[in-house]
Amino acid sequence: MSASMTQTYRTVSTRAILVASLALGACRAKPTPGPTPQQQAAARAAQDSAAAAAASAKRAVETPAPAPQPTSAPAAPAPAPATRATATSAVAGTGPVTADERRAAEAARTALLERIYFAYDADEISADQRAVLDAKLPILLANPRVRIRITGHTDERGADEYNLALGQRRAAGVKRYFTARGVGEDRIETVSFGRERPLTAGHDEDSWAKNRRGEFEIVAGSETLRAPR
Amino acid sequence: MTLRRLLPVVLAAAIVLPATVRAQDTTRSVRIGLTYASGTRPGVFVSPVSGTHADTIRAILSRDLDYGDRVSVIAPDGGDPPAGVINYGLFGQIGAAALVQASMTPAGLLHVVLHDVSAARVINVADFPMPGPALGPEWRMAVHAASDEVEYWITGQRGLSATRILFVRNQKMWSVDYDGANAAVVPGLGAALSPAWHPSGRYVAYCEMAADGTHIVIRDLVAGTSRQVARVGGTNISPVFSPDGKTLVFAGGEDGIDLFSAPVVGNDPPIRVTVGRGSQNMSPTFSPDSRRVAFTSNRLGHAEVYITDVDGTNVDLLTTTVTERNPYRSNPDWSHDGRRIAYQAQADGGFQVMTISLRDRLTSQLTSDGSNEDPSWGPDDRHMVFTSNRSGENQIWVLDTETFRSRQLTRVGSARMSSWSPRLVSPKQ
């Protein structure tokens, strides 16, 4: 798996979350080119988070209204209904407004979604990976409405069930890192996929290292995300 | 033609040769036996079956007795014996200690007769109901049940052919008959991992994987209904039923994974079994009395197999840690007779299936070809299924732990997480 492919995945993940934002009313995304097969696969992996975000927005209010239809999202499914009420208040509240703010918000989003990696059979966070988390921390603290999901993954070695447990401990360790530094516990959920959703299919140390990872999804508050001041 | 092919054998064996020569192996031109035969297993000849689907029934009976690894099935290469009066002397000549005769009755029953060749008499007769459409899954299962009964008549040990194996492929749960027939996805389930049979054979518990994580589901295979087990926070994986069928134990948690137990009936919240203090504890398997659980834990920093009482007391390290580079032992499966636990241990960059005796804690390595993982005992405590990559990709294999004869069960690729059912047809009264 090349670095460029990693970048592609990240881009598409971001795009899928933009689709979630569209579902919540902020429909200003530019048309996107047709996805490659890899992008489609990545978008499929991300679509769950988009649907979950829309669904949680739906649960948050009592008077559902029809969702605006995204017109420029070939790789994503039709989102679940959301509400104008939520979206409007959100945009009117703390969301980015100017072009500069939007660019800064996108940078914050990218930092928030950046993966971290682990050593073999370990849930400890190494010093260099701690720096990746430290870049997310001010964003989380500046965006109290943002909720994230951390998914823990392992490489293909070892027993399947052991790896599901290990992925959970990895995700929990990252959550602990944030909650110990002031992020509310109820803003972070953790999930393990063990070895079930590898990023790359190789059977060598390079592939294993890429698959031993923690991923981040924004499950709520994405539309209000802004860069820390 | 059959009779014509057999005639020379009849003449040679029964008429021409004197008794002293007949006693020698070299004269048994039609004796096939099996290459792995130890010589102590009784030879069994399965006669041609009369009635509908005769060839299929004979093939299934023969294969079942062969796969049971307790008798030596004699192939009819020299032709089949003539119908009519049974020439016990002839069957003795070709090495048969027992003769199985089956026929379909006009009422649709499978009528099976077992002859003791040396005593020259019938020793057992039974009729087996044949449910479902001919050649269908339940019909085949009924033939398997007859085979298992015949094996019991001959050896005193019931066969294990009336069973199925659940496994996982691409996060779909599959079911396959013990002989490789009827491999198919179990319909109506989500992304599934770690299937585990209820001792009744009617229910299966498994780990379902959704976007927001994993939870435990109990599926009624007969009614086609599912029920989600009360979950604990975080991940919920590796369920197993107790042998008495009353308790479900699984692994769950967010910051550290512990074992939890919950009653199978009702909605009582799960009770924590292990105190892992942030370590991971999973892959439980019950002792036959439903009072103890073996499981994998990394509480010492690497995976080993432990045993605990199901109330959480008396925790004991089972697999001894010795000095080695990457100790890693996991996926225990307790034999139904309680005598040994199978597990996987890291070796040479892969895994091998091991057993450890509960009496003296002696271990033995059962596999060496490729990487072999995740053993599950069959109901006879002699055969097991496991995942192996020896054919080039992960498939489910069956191993006879006494002769080390193995056979590939699945042909679909990327198969893993196999679980051998209990016997699915009750023995005849």
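Predicted model: local features only at pLDDT ≥ 70, side-chain atom pairs only at ≥ 80, totals over all residues.
Reader: Which residues make the contact of H3(B) and H5(B)?

Author: From H3(B), the residues are Ile57(B), Ile60(B), Leu61(B), Asp64(B) and Leu65(B). H5(B) supplies Arg140(B), Val143(B), His144(B), Ala146(B), Ser147(B), Val150(B) and Glu151(B). Sorted by class, the contact has seven nonpolar, two polar and three charged residues.

Reader: How are the strands of chain B to be read, and in which sense do E6(B) and E7(B) run?

Author: Strands of a sheet pair through backbone hydrogen bonds, either parallel or antiparallel. Strand E6 (residues 164-169) of chain B and strand E7 (residues 172-177) of chain B run antiparallel, joined by six bridges. Within this pairing, Val168(B) has Met173(B) of E7(B) as its bridge partner. The hairpin of E6(B) and E7(B) has two residues between the strands, and Asn170(B) takes a positive phi near 50° there.

Reader: How many bridges join E7(B) to strand E8 (residues 184-185) of chain B?

Author: Two bridges join E7(B) to E8(B), and these strands run antiparallel. Ser175(B) has Ala184(B) of E8(B) as its bridge partner. In this hairpin there are six residues between the strands, and Gly180(B) takes a positive phi near 95°.

Reader: Turning to chain A, what does its secondary structure come to?

Author: Chain A has seven helices and four strands. Along the sequence, these follow the pattern α-α-α-α-β-α-β-α-β-α-β. Chain A has 229 residues, of which 48% count as buried. When contacts in chain A between residues at least 6 apart in sequence are considered, 81% join residues at least 24 apart.

Reader: In what order do the four strands of chain A form their sheet?

Author: The order is E1-E4-E2-E3 (chain A), in an open sheet with mixed pairing. Strand E1 (116-117) and E3 of chain A stand at the edges; each has a single partner strand, so one side of each is left without a neighbour in the sheet. The pairing of E1(A) with strand E4 (residues 213-220) of chain A is antiparallel, over two bridges. Here the bridge partner of Ile116(A) is Gly214(A) of E4(A).

Reader: Where does H6(A) lie relative to these strands?

Author: H6(A) lies across E1, strand E2 (147-153), E3 and E4 of chain A. Its direction is at about 155° to E3(A).

Reader: Finally, how many residues of chain A are in contact with chain B?

Author: On the side of chain A there are 18 residues, in contact with 30 residues of chain B. Helix H2 (37-60), helix H6 (160-179) and strand E3 (188-194) of chain A each supply at least two residues of the side that touches chain B. H6(A) gives the most to that side, with 10 residues. By class, the side of chain A that touches chain B has eight nonpolar, four polar and six charged residues.

Definitions and conventions: Residues numbered from 1 in each chain as written. Chains lettered and ligands numbered in written order. Contact = placed C-beta atoms within 7 Å. Nonpolar A, V, L, I, M, F, W, Y, C, P; charged D, E, K, R; others polar. Pairing = 2+ DSSP bridges. Buried ≥ 20, exposed ≤ 12 C-beta atoms within 10 Å, placed from the backbone. Axes fitted to C-alpha atoms, helices over the stretch in contact; angles between N-to-C directions.
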